[in-house]
Amino acid sequence: MAALAMAEPRDADAPAPAASSAVGCRNLSVRFVTERRTVTALENVSFSVENGGFLSLLGPSGCGKSTLLRVVADLIAPSSGQMTVLGLSPQQARLQRALGFVFQDAALLPWRTALQNVELPLEVGGRPRLPAGMPTPRELLKLVGLEGWESSFPHELSGGMRQRVSIARALLGGPRLLLMDEPFGALDEITRDRLNEELRRIWRETGTTILFVTHSVYEALFLGEQVLVLAANPGRVAAQVDIDLPRDRTLAIRETPAFMRVATRLRAALGGTE
Amino acid sequence: MTLAAAIPPDATVSEAEESFRRVRRRAQLRRRLLPLLGIAVFLGLWAALVYLFKVPPFVAPSPLLVAQTLVAKGDVLLANLVPTAIEALSGFLLGNIVAIVIATAFVHKKTLEETFFPTVVLINTIPVVAKAPILVLLLGNGMEPKIAIAALICFFPTLVNMVRGLEAVNPQAMELMRVLSASKRQVFFKLRLYNSLPYLFSALKISASTSVVGAIVAEWIGSNSGIGALIIQATYSFDSALLYATVIVASCFSMLFFLCVTMLERLIVRWQPSNAH
C-alpha cells in the first residue's frame, strides 16, 4: 500500500461494551492522505461478529478488507466511526493480547526455528506468562500438524508449513479473536484446500472468533459462518450473508447444491462491486 | 547445483548410480585441479617472459627469485607484517564498531541521519591518499594515523550497509511486533539486529581487505616499518624481488583476514535471508 496511514491520537475510553459481539463496527471510515489525492479506503462500514463466530471478509482487491482487519488489530486508526473489539477499544484489546494476527506472507523470523517463532509472543510486549492450562508452543505446533518440525528453520519448510507455524504463533496465549489476512493466498490450491479444512477444525477445537480476509468466493463460503461482501472504490459493505451449512464441513460440501446456491448469491453480491 | 542423469534404457539402477558417482567425482576433481593449473600456467608464462626478454632483476624478478626471497627474507617480511596487521586489525575493529553504533543511532533518530549522513558521504568522497597526510599531521608519525585511516576506510561501507540492514525489515514482521505490543528496544534486539547481520557481514568482508589497504597506504606517507614502508624501501632500492615478496605477504594476510570473517559469518548467520525464498 503506497498510502501513508496517519496515526491519530485517540482517547482510550472504550464505548459501552456490547457483551455478545466479538467485533462491533459502526459507521467506520478510513481515509488515507497520499501525495496525489486523498483515498477513501473504507466508507461508512458497519457490521458485527458474535463471540465464537467465523466471518469471512470477501471482496475484490482495493475494497479495503485488509484495511478493515488492520483497524480491528489497532494497526490503523479509523478516520471516523467506532470499532469495538471484545467490548474494548482496539488498542485495549491489543494491549491485553486478546488478538492473534496471521499475515499473508507468514512473517516468520528467518533466524528462528519453528518452535522459537511460535514462542516469540512470550518474549516481547510485557513478556506475558502463558496462562495456566493454555496450550504450550509445542502443543500448538502439534495442533497445526507440525509435530517433529520444531527445530526446522523457515527456509527448510514449505509455504504451507510456514503458514501453519504462523497460525500456531497467532494462537499462542489463547486469543479470543484471530485475524487472518489472506493467509493462504500465496499457496497452491491443494495445500490451500487442506489448510481450509484444518482451519475449520482448529476453529471448532479452540472456540476462538475468526475474521478471515479472502478474495476467493469458495474459500469465504467454505470457511465462514457468515460472509461480509465488500465493494471497492470506496470500500463499503455490499452484503452480509449468513451461511447455513452444517458446522462439520469437508471439502466435498463444495459440490452440494446448497453450497452452489450460496456461491451464486455471493457472486451476485460481488457482481455489483466493480 | 544439483546434477541429474537420466538412466539409459540398457542399464540397471545400480550401474547407473555407480556411473553417476564416477561422473561426479571427476567433476569435483576438475573443479580443484583446473584453478591450480591456471596458476601454474601464469607462473610459467611469467618465468618464460623474464627469461626470454632477459628482463634485469631490478625491473622484474623471475618467480623463482621471488620464492627464494620469500624464504631468505622471511624474518624481515614477518617483522614488517606485524605492525601492518596490528594497524589493519585495530582499524577494522574501531571503524566497524563506530559504524555500528552510529547506524543504530541513525535508525532510532531519523533527524540525526538526515543531518549527518550527507557529511559522512562527503568525507568518504575524499580519496584515501588525500586523507592520509591530513591524519598524519593530526596524529603524528606513530601507529595512530595508520589505525585511523584503516578505520575510516572500514567505516563507510559498514555504516551504509548497517543502516540498510536495520531498516529493511519485513513490513509484516513490523506489524506483528506492533500487534504484540513490542517496545522499540524489543523491535531492535529481536528483529532489526538479526535482520542486519547478513548486511553487516557483507560490509565486514569488504573492510577485511580494505583495512589492510588503508594501513599500507598510511605507511607510505611516513613510516619506518610495516609492509607499506617495505614496499617504498624495496622500490627505491630497485629490489624488485623483495617488492614482489612483500606484495605476496600482504595479499596472503588480506586473504587470511577475509577467510576468518567468512568463517565467522558461517558460524553466526545460519539462516537464509527472508527474501531468498
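The model is predicted. Chain A contains 8 helices and 9 strands, and 6 of its strands form an open sheet with mixed pairing. Chain B is divided into two parts, domain 1 and domain 2.

**Overall build of chain A**

- The radius of gyration of chain A is 18 Å, which agrees with the value near 19 Å that a compact globule of 274 residues would have.
- Taken along the principal axes, the box filled by the C-alpha atoms of chain A is roughly 50 × 45 × 40 Å.
- Buried residues make up 43% of the 274 residues of chain A.
- Among contacts in chain A with a separation of 6 or more, 73% are between residues 24 or more positions apart.

**The open sheet of chain A**

- The strand order in the sheet of chain A is β5-β6-β7-β3-β8-β9.
- The edges of this sheet are formed by β5 and β9 of chain A, the latter spanning residues 236-242, and each of the two pairs on one side only.
- From one strand to the next, the twist averages 15°.

**Strand β5 and its partner β6**

- Strand β5 of chain A covers residues 99-102, and strand β6 of chain A covers residues 177-181.
- The two strands, β5(A) and β6(A), pair in the parallel sense, with 4 bridges between them.
- Two positions illustrate this pairing: L99(A) stands opposite L177(A) of β6(A), and G100(A) has L178(A) of β6(A) as its bridge partner.
- In a regular strand, side chains alternate between the two faces of the sheet.
- In β5 of chain A, L99(A) and F101(A) point one way, whereas G100(A) and V102(A) point the other way.
- All four of these residues, L99(A), G100(A), F101(A) and V102(A), are buried.

- Helix α5 of chain A, residues 159-171, lies across both β5 and β6 of chain A.
- The direction of helix α5 of chain A is at about 165° to that of β5(A).

**Domains of chain B**

- Domain 1 of chain B comprises residues 1-54, and domain 2 of chain B comprises residues 63-276.
- The centres of domain 1 and domain 2 of chain B, taken over C-alpha atoms, are separated by 36 Å.

Terms used:
Residues numbered from 1 in each chain as written. Chains lettered and ligands numbered in written order. Predicted model: local features only at pLDDT ≥ 70, side-chain atom pairs only at ≥ 80, totals over all residues. Buried ≥ 20, exposed ≤ 12 C-beta atoms within 10 Å, placed from the backbone. Pairing = 2+ DSSP bridges. Rg over C-alpha atoms; globule rule 2.2 N^0.38 Å. Contact = placed C-beta atoms within 7 Å. Domains from an automatic or database assignment. Axes fitted to C-alpha atoms, helices over the stretch in contact; angles between N-to-C directions.
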